[in-house]
Amino acid sequence: MSESERIYCANCMRCKLVQTEADNGHVLRVRCTAGLWKKKLGEEKLYKYFTIARRTPDECEFYEPMGDLKEFLKELKRSLPVRDEVITHQKVI
Ligand code: SF4
């Protein structure tokens, strides 16, 4: 499957960026608002923001692409942090 045919959750309308509390600030997480990301016991699973480019399901009936995938991926790879970053309270806008 070529990159342009692949499903990237990052390019899906239902993939949302959220902040969750950490010990000394906030961390960025992503959630699927269609509820498709689950832990083994069934609770919702959030992924670390910096891993979002790796979420590429083989198929998804709820996939709602947001725009040109090639451009989007280029921009995402340029701007995505390389590790989990804690946003201290001073940095939160
Ligand atoms: S709806 Fe499907 S493609 Fe969209 S974020 Fe959820 S799992 Fe990914």
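User: Where does Pro57 sit among the secondary-structure elements?

Analyst: Helices (H or I, at least four residues) and strands (E, at least two) are DSSP runs, numbered from the N terminus. In this structure Pro57 lies in the loop between strand E3 (47–48) and helix H1 (69–79). This is a predicted model, in which local features need pLDDT of at least 70 and side-chain atom pairs count only at pLDDT 80 or more, while totals for chains, interfaces and linings use all residues. Residues are numbered from 1 along each chain as its sequence is written.

User: Why does Pro57 count as partly exposed?

Analyst: A residue is buried if 20 or more other C-beta atoms lie within 10 Å of its own, exposed if 12 or fewer, and partly exposed in between, with C-beta atoms placed from the backbone. Pro57 counts as partly exposed because it has 15 C-beta neighbours inside 10 Å.

User: Which residues is Pro57 in contact with, leaving aside its neighbours within four places in sequence?

Analyst: Two residues are in contact if their C-beta atoms, placed from the backbone, lie within 7 Å. With those sequence neighbours left aside, Pro57 is in contact with Ile7 and Cys9, and the C-alpha atoms of Pro57 and Tyr8, which are 49 residues apart along the chain, are separated by 7.3 Å.

User: Which residues surround the ligand, and how do they divide by class?

Analyst: A residue is near a molecule if its C-beta atom, placed from the backbone, lies within 6 Å of it. The ligand is surrounded by Ile7, Cys9, Cys12, Arg14, Cys15, Cys32, Ala34, Leu36, Pro57, Cys60, Phe62 and Tyr63. For the classes, Ala, Val, Leu, Ile, Met, Phe, Trp, Tyr, Cys and Pro count as nonpolar, Asp, Glu, Lys and Arg as charged, and the others, Gly among them, as polar. On that basis the shell around the ligand has eleven nonpolar residues, one charged residue and no polar ones.

User: What makes up the largest nonpolar core?

Analyst: In soluble globular proteins, nonpolar side chains tend to be buried together. A nonpolar core here is a set of buried Ala, Val, Leu, Ile, Met, Phe, Trp, Tyr and Cys residues joined through C-beta atoms within 7 Å. The largest one has six residues, namely Tyr8, Cys9, Ala10, Cys12, Cys15 and Cys32. Cys15 is in contact with Cys9, Ala10, Val30 and Cys32, leaving aside its neighbours within four places in sequence. Of the 93 residues of the protein, 8% count as buried.

User: Where is confidence lowest, and where is it highest?

Analyst: pLDDT is the predictor's confidence in each residue, from 0 to 100. Where pLDDT is low, the predicted coordinates should not be read in detail. The mean pLDDT of the protein is 90, and 90% of its residues reach 70 or more; confidence is lowest in E4, at a mean of 88, and highest in E3, at 97.
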